[in-house]
Amino acid sequence: MLIHIGLSRAGSTYLQQVIFPSFKKSKYINLFNHKKFRLNFFYNYNYPFQKKFPYKFDILSCENFLNPYTNINLLLSQIRYFEKNYPKRKIEVLLILRKPFEHLLSLYNYSVANGAVYEKLDDIF
């Protein structure tokens, strides 16, 4: 079982749209685009202990595992949840990182393109 905990602006979309679906023998779930479970799983700290995850999968991917509102304890509890509920399956965690400045620049460019930031780059950095 592969859990891609991602990092936004670090190739997650490419992995989710091209690489993971190409594994024909694997069942892939993108939690970020899964409206039913996204809000509960990532923002309800008790969710993993309330219900069994209702889908079978080999690859679980979401850049929301690492977001500004998630702390490391929530991430660890989510991974432990899968260890507990899938004891016969080895869990591998895939984390893609970027160089910090490149990551900030990419976040800035994305935010400007989507209207979330209006300041000039020189005024921010």
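Biologist: Which residues form one aromatic cluster?

Modeller: In this predicted model, the cluster consists of Tyr81, Phe82 and Tyr86.

Biologist: How many aromatic pairs are there?

Modeller: The count comes to three aromatic pairs. One of them joins Tyr81 and Phe82.

Biologist: How is a pair of aromatic rings described?

Modeller: The description rests on the distance of the centres and the angle of the planes.

Biologist: What are the distance and the angle for Tyr81 and Phe82?

Modeller: The ring centres of Tyr81 and Phe82 are 5.0 Å apart, and the planes make an angle of 75 degrees. That pair is edge-to-face, because the angle is over 60 degrees.

Biologist: Are Tyr81 and Phe82 buried or exposed?

Modeller: Both Tyr81 and Phe82 are buried.

Biologist: Which side chain has a polar atom 2.9 Å from the backbone oxygen of Tyr81?

Modeller: That is the side chain of Asn85. Asn85 belongs to helix α4, which covers residues 72–85.

Biologist: Why does Asn85 count as partly exposed?

Modeller: Its relative accessibility is 22%.

Biologist: Let us change topic. Where is Leu31?

Modeller: Leu31 sits in the loop between β2 (28–30) and α2 (35–43).

Biologist: Is Leu31 buried or exposed?

Modeller: Leu31 is buried, because its relative accessible area is 0%, where the cut-off is under 20%.

Biologist: How far apart are Leu31 and Cys62, in sequence and in space?

Modeller: Leu31 and Cys62 are separated by 31 residues in sequence, while their C-alpha atoms are 5.4 Å apart in space.

Technical notes
Residues numbered from 1 in each chain as written. Predicted model: local features only at pLDDT ≥ 70, side-chain atom pairs only at ≥ 80, totals over all residues. Heavy atoms only, no water. Helix = DSSP H or I, 4+ residues; strand = E, 2+ residues; numbered from the N terminus. Buried < 20%, exposed > 50% of the residue type's maximum accessible area, 1.4 Å probe, protein only. Polar contact = N/O pair within 3.5 Å; in protein donor to acceptor, adjacent residues only side chain to side chain. Phe/Tyr/Trp six-rings, centres within 6.5 Å; stacked < 30°, edge-to-face > 60°.
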